[in-house]
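Visitor: I have a structure open and would like to learn how to read its features. Please take me through a few of them.

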Amino acid sequence: MLPVTRYRPQRFVRLPDRARRAISGSGPPTAPIGLRSQPSRVDDLTAHAALGLALRIGESMLAVGASAADVTATVLRVAAAHGLTACQVDVTFTSLTISYDRDDALPLTVMRIVHTRGMDYTRLQGVTDLAREVGAGDLDLEEAHRRLDRVVAAPHPYRRRIHALGWSGVAGAVGFLLGGGWLVALVAALTTASIEQVMRALDRRGLPLFFQQAVGAAVATGVAVLLVVFDVGVRSSLVVAAGIVVLLAGLSLVGAAEDAISGFPVTAAARAFEVLTLTAGIVVGIAGVLDLAQRAGVPLALVDPSHADVPSAVALAAAAGIAGFWALASYARPRGVAVATAAGALSWAVSSAAGSLGAGPAVASAAGALLVGFCGEALTGRLRIPPLLVAVCGIVPLLPGLAIYQGLFAIVVDADVPGGLDALVGAAAIGLGLAAGVTLGEHLGRPLSREHDRFDRRVRLRATTTD
C-alpha cells in the first residue's frame, strides 16, 4: 500500500526561504578587510626610491611634531603618486614602517627610526609643501630627494638670541596675563631665560628630559623663594606659574589626544605617557624646592589670581603675546607668528566669554580650543601655515600653570591634601578640555581643508565604525 502524501501549499513551502531573505544582509561588508594584493606595475628600483622618499618625508614630519594621522596620509599620498597604491603604513612614537604589497613578487618593507623630536614650524611647512608637490606629480624622485635634503638641512630662520627671546617673551606675557605687572613680567622673563640656558646645557650633556624638566621647575621655584627671602616686592607665585606654562607648552598634549581620537592608540599611549612623565618632572622640581623652603622656615604665600584686576585689553594683548612669542620660539616664519598671535587672542576671548556665561574653567578652555582648532584646519592651508602651529600656539595662553602650582603649594606647604588634589584634578581637566577641543575643532574644519582627499579620508576611517 502506497503512503499517503499530505498536500502542502506552495506558499508554506517557500516561507522559510522568504524569512531568510527578509533578515539576511545583501550589501557589501562594512569595511574592506583582507583584500588580495594586486600585481605590481612599478619596477623594484622605482619602488625602492619611492618608498625611501615617502619614509623620509614621514620621518621628518614626526620629528617636528606632526600627528600620526597626518603623517600616514602624507606617506600614502607620496607613495601613490609614484604608482605604489597598495601600501600599508604603521606609525609608532619612535618609528615609521611602510610595506608595499604586490601579488606577483615579494613585498617590499622598509622602516625608519625617529631619533630627534622638537617643534620647528618652518621645517614642518617646508616638508608639507614638498609632499603636496610630490603628490600632485610636479616633481620626480631625484628632484624631490634633493629638495627634501635642502629643507631638513636648512639653518633655523632666527639666531639663537631671537629663539631665547621667544621663551622669555612667553613668560613675561604670562606674568601680565596673571595680573603681575611690569616687575613680575620682567622677573619671569629673566628667570625663563636662565631656565632655557640651564636646560640647553643639560641637554648637551645628555641628561634625560625628565630631569631637565625637574631642574627647570626647580630653578623657577628657587627664584621665587629667593624673592621671598630678600623681601623683593614681587608676587613670587606668579613667577613660578609663568615658568610652568613655558615648560608645559612644549609637551605633546594635543598630539596625544588627536592620535587617540584618530585611531592610533599605540602612538597616543606613548605620547600620553611622555606627557605624564615630563609633567611629573615639573611636579618633582617644584615640590622639592617648596619642601626645602618650608624646612628652612621661609614664609611662603600664594597669590589668588581671581582677585587680580587685569583690564580686558591687557589680558587680550598678553594672551596674543604668549601665542606669538611661543611661535617665535618654535621657529615659525613672520607670517606664522602673526597668525599665532591672532589665534592666542581668539582663544582667550572665546574662553573669557564662555566663562562670563557661567561655564567652568575646563569647559571654557575647551570652547576656546575648539574654535582655534577649527580655524587652524580650515584656513591655514590657504595661508601656507601648518595647522599644528595654530592649534598649539592658540592654547598656550589657556594652559593651567598657576593651577598646578596652587595644588602643589597646598599639598607641600599648607598640608591641605584634599584641596591640593582638587586643584591638580582641575588642572588636568583643563588640559584634557584643551586637547579634546582642539581635536574636535580640527575634525569639524577638515572638510574645508585642502588636504581633505581620499588618503586623508582613508586614514580617518580608522577611528570610525561603519556597522
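Visitor: Is Leu226 buried, exposed or partly exposed, and what decides it?

Guide: Buried means under 20% relative accessible area, exposed over 50%, and partly exposed in between (1.4 Å probe, protein chains only). Leu226 has a relative accessible area of 47%, so Leu226 is partly exposed. The model is predicted: local features need pLDDT of at least 70, side-chain atom pairs count only at pLDDT 80 or more, and totals for chains, interfaces and linings use all residues. Residues are numbered from 1 along each chain as its sequence is written, and side-chain values use heavy atoms, with hydrogens and water left out.

Visitor: Where is Leu226 found?

Guide: Helices (H or I, at least four residues) and strands (E, at least two) are DSSP runs, numbered from the N terminus. Leu226 lies in helix 9 (residues 209-229).

Visitor: Which residues make a nonpolar surface patch with Leu226?

Guide: Patches are made of residues with over 30% relative accessible area and no salt bridge; like charges are joined within 9 Å, nonpolar side chains (Val, Leu, Ile, Met, Phe, Trp, Tyr) within 5 Å. A salt bridge is a side-chain nitrogen of Lys or Arg within 4 Å of a carboxyl oxygen of Asp or Glu. Areas come from the Shrake-Rupley method with a 1.4 Å probe, and for residues only the protein chains shown count as cover. Here Leu226, Val229, Phe230 and Val232 form a patch of about 390 Å².

Visitor: How many residues of helix 16 are buried?

Guide: Helix 16 (residues 387-395) is mostly covered, with 8 of its 9 residues buried, including Leu388 and Cys393.

Visitor: How do strand 1 and strand 2 pair, parallel or antiparallel?

Guide: Two strands pair if DSSP finds at least two bridges between them. Strand 1 (residues 87-91) and strand 2 are antiparallel, over 5 bridges, and a hairpin of 3 residues joins them. Gln88 has Ser99 in strand 2 as its bridge partner.

Visitor: What does strand 3 pair with?

Guide: Strand 3 (residues 108-113) pairs with strand 2 in the antiparallel sense over 6 bridges. Tyr100 stands opposite Leu108 in strand 3. Strand 2 (residues 95-100) has 5 of its 6 residues buried.
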